[in-house]
Amino acid sequence: PVVVVSLRHVGCYDTCFDTWDTLIQRLGDFGLLERMRRSFGLVYDDQDITRLDQLRYDACVELDCSPGDAHPPEFQARTIPGGRYAIVRHTGPYDAQ
C-alpha cells in the first residue's frame, strides 16, 4: 500500500493537466515539494463508455511525511491498496496516443 494525497479531476482526460498544476502549486504553498516521492495518476473510467464530462481521474503524490502532517485542505489523504496494477509510462506528447 502507498499513502498519498490526491486531487480529483472530473471531465475529459485531456484537461487533467490543470489538476496536476493545482496539486503542485498547493504542495509548494505548504512547503511540501521537497517531500514528494512518487506520483500516480489513477484512472477510473473508460472514455469509450463513460460520458466525457463524467470521467474521473485522481492526481496523487506520495509524500515523505508523518500521517498527521498538514496538507492542503482540498486534498484527500488516501491509501492506494497494495496489489498488482497496470503501469504505463507515456513518453512524448499526449496527443500522439
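## Gly31 and the end of the helix

Gly31 takes a positive phi of about 70°. The residue sits just after α1.

Helix α1 spans residues 17-29. It has 13 residues and reaches 18 Å from its first C-alpha to its last. That is close to the 18 Å expected at 1.5 Å a residue.

## Overall layout and confidence

From the N terminus on, the order is β-α-β-β-β. The C-alpha atoms fill a box of roughly 40 × 30 × 25 Å along the principal axes. Of the 97 residues, 28% count as buried. Contacts with a separation of 6 or more are 72% from residues 24 or more positions apart.

The mean pLDDT of the chain is 88. A value of 70 or more is reached by 93% of the residues. Among the elements, β3 has the highest mean pLDDT, 95. Strand β4, residues 76-80, has the lowest, at 89. Where pLDDT is low, the predicted coordinates should not be read in detail.

Which residues of α1 are buried? They are Thr19, Trp20, Leu23 and Leu27. They lie on the same side of α1, because they cover an arc of only 100° around the axis. An α-helix has 3.6 residues a turn, so residues three or four places apart point the same way.

The buried residues of α1 pack against β1, β2 and β3. The face turned away from the buried side carries Asp18 and Asp21, both exposed.

## The largest nonpolar core

The largest nonpolar core has 14 residues. Trp20, Leu23, Leu27, Tyr57, Val61, Leu63 and Phe75 touch the most other members. Elements giving two or more residues to this core are β1 (2-10), α1 (17-29) and β3 (56-63). Strand β3 gives the most, with four residues. In soluble globular proteins, nonpolar side chains tend to be buried together.

Beyond residues up to four places away in sequence, Leu63 touches Val3, Val5, Leu27, Leu32, Arg35, Met36 and Arg37.

Asp58 lies in strand β3. Is Asp58 buried or exposed? At 1% relative accessibility, Asp58 counts as buried, because the cut-off for burial is under 20%. Its side chain makes a polar contact of 2.5 Å with the side chain of Arg78. Leaving aside neighbours within four places in sequence, Asp58 is in contact with Ser6, Leu7, Arg8, Phe40, Gly41, Leu42, Tyr44 and Arg78.

His9 is found in strand β1. Its relative accessible area is 8%, so His9 is buried too. The side chains of His9 and Thr19 are joined by a polar contact of 3.3 Å. Thr19 is one of the buried residues of α1. Outside four places in sequence, His9 is in contact with Thr15, Cys16, Thr19, Leu55, Arg56 and Tyr57.

## Val4 and Ala77

Val4 belongs to strand β1. The residue is buried, with a relative accessible area of 2%. What does Val4 touch, not counting residues up to four places away in sequence? The set is Phe40, Cys60, Val61, Glu62, Gln76, Ala77, Arg78 and Ile80. The C-alpha atoms of Val4 and Cys65 are separated by 9.9 Å. Those two residues are 61 apart along the chain.

Ala77 is found in strand β4. Leaving aside neighbours within four places in sequence, Ala77 is in contact with Val4, Val5 and His71. The C-alpha atoms of Ala77 and Cys60 are separated by 9.3 Å. Along the chain, Ala77 and Cys60 are 17 residues apart.

Terms used:
Residues numbered from 1 in each chain as written. Predicted model: local features only at pLDDT ≥ 70, side-chain atom pairs only at ≥ 80, totals over all residues. Heavy atoms only, no water. Core = buried A, V, L, I, M, F, W, Y, C linked by side-chain atoms within 4.5 Å. Buried < 20%, exposed > 50% of the residue type's maximum accessible area, 1.4 Å probe, protein only. Contact = heavy atoms within 4.5 Å. pLDDT = per-residue confidence, 0-100. Polar contact = N/O pair within 3.5 Å; in protein donor to acceptor, adjacent residues only side chain to side chain. Expected span 1.5 Å × (residues − 1). Arc of directions from axis to C-beta.
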